[in-house]
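Subject: Structure handover

Hello,

Here is the structure for you to look at. Please open it alongside this note.

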Amino acid sequence: MDAQETLKEKIKIITDNYEDEKIDGYITGDGPIPCAIIFVGEAPGKNEIEKRKPFVGIAGKTFEKYLNTIDLSRDKIRITNTCFFRPIKLKENPSGRVTVSNRPPKSSEVELFRNILDEEIKLVNPRIIITLGNIPLKRFTDFKSIGECHGELHFNEDMKRYIFPMYHPSSLTYNRNEKFLSMYEEDWNKLKAALKNI
Ligand code: URA
């Protein structure tokens, strides 16, 4: 079994044995190994589980659109998640129908995959880790919120790697205003500039 297959098997075992909360399937990271650039999201959603690939739903479309604006494409980057299974919650509506929706991963769920993500990063050996949203931000830095550090290059001394925090692409869905949009676009331009300097 090669290193990627081993990682996949470990993710499967963690998922199969997890009983604390509701979850629905798992995926692995996607993209070349090794790779200079890795993006780390939060956790897969319904589309990702169906297609067995990270960032292929609405957030993924937004992500890819902006990735292309800085002359990058998916085949040039690695993309993965902080939590490899899909955290879900079930809600019964008044008619008795049960709906399934995504929920953010709990800290304990992020911890379940700490070694797996560390191993993936070791294999990929990126020069820069771009965190998408608060969950991977807290996993790789001491910042408390994306609002205080987005669009700037940081250095993780323990990992000896650059970290570039960005808002999660789905934040565009919740912040539908010009100010947020131009700030988000500016962060991508700042990333483009940062990539030239590392
Ligand atoms: N959002 C994430 O954080 N990760 C995915 O893989 C998809 C959507």
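Below are the notes on what was found in it.

This is a predicted model, so local features need pLDDT of at least 70 and side-chain atom pairs count only at pLDDT 80 or more, while totals for chains, interfaces and linings use all residues. Residues are numbered from 1 along each chain as its sequence is written, and side-chain values use heavy atoms, with hydrogens and water left out.

**Ligand site**

Start with the ligand. Its surroundings are Gly41, Glu42, Ala43, Pro44, Glu48, Pro54, Phe55, Asn81 and His168 (near means a heavy atom within 4 Å). The backbone supplies polar atoms here. One from Glu42 is 2.7 Å from a ligand oxygen. One from Ala43 is 3.1 Å from a ligand nitrogen. A backbone N or O atom of Phe55 is 3.2 Å from a ligand oxygen. The protein buries 92% of the 230 Å² that the ligand exposes when taken alone (Shrake-Rupley areas, 1.4 Å probe; for residues, only the protein chains shown count as cover).

His168 is one of the surrounding residues. It sits in the loop between strand 8 (161-166) and helix 7 (171-174). Helices (H or I, at least four residues) and strands (E, at least two) are DSSP runs, numbered from the N terminus. His168 is buried, at 14% relative accessible area. Buried means under 20%, exposed over 50%, and partly exposed in between (1.4 Å probe, protein chains only). The side chain of His168 makes a polar contact of 2.9 Å with that of Ser170. A polar contact is a pair of N or O atoms within 3.5 Å; within protein, one must be able to donate a hydrogen and the other to accept it, and residues adjacent in sequence count only if both atoms are side-chain atoms.

**Salt bridges**

Side chains of opposite charge can pair when their charged atoms come close. The whole structure has 13 salt bridges (a side-chain nitrogen of Lys or Arg within 4 Å of a carboxyl oxygen of Asp or Glu).

- Lys12 and Asp16 pair at 2.7 Å, N to O. Both are in helix 1 (residues 3-17), 4 residues apart, about one turn of the helix. Lys12 is partly exposed, at 33%.
- Arg86 pairs with Asp24, with the closest N and O atoms 2.9 Å apart. Arg86 is in strand 4 (residues 85-92) and Asp24 in strand 1 (residues 23-26), so the pair ties together parts 62 residues apart in sequence. Arg86 is buried, at 5%. Asp24 is partly exposed, at 32%.
- Arg78 pairs with Glu120, again with closest N and O atoms 2.9 Å apart. This pair links distant parts of the chain, 42 residues apart: Arg78 is in strand 3 (residues 78-81), Glu120 in helix 5 (residues 114-124). Both residues are buried.

**Backbone points**

Most residues other than glycine have a negative phi, and most peptide bonds are trans. Some places to check follow.

The peptide bond from Ile33 to Pro34 is cis, with omega near -5°. Pro34 is in the loop between strand 1 and strand 2 (37-41). Asn125 has a positive phi, near 50°. Its loop runs between helix 5 and strand 6 (128-132). Lys160 also has a positive phi, about 60°. Lys160 is in the loop between strand 7 (154-156) and strand 8, and counts as exposed at 57%.

Best regards
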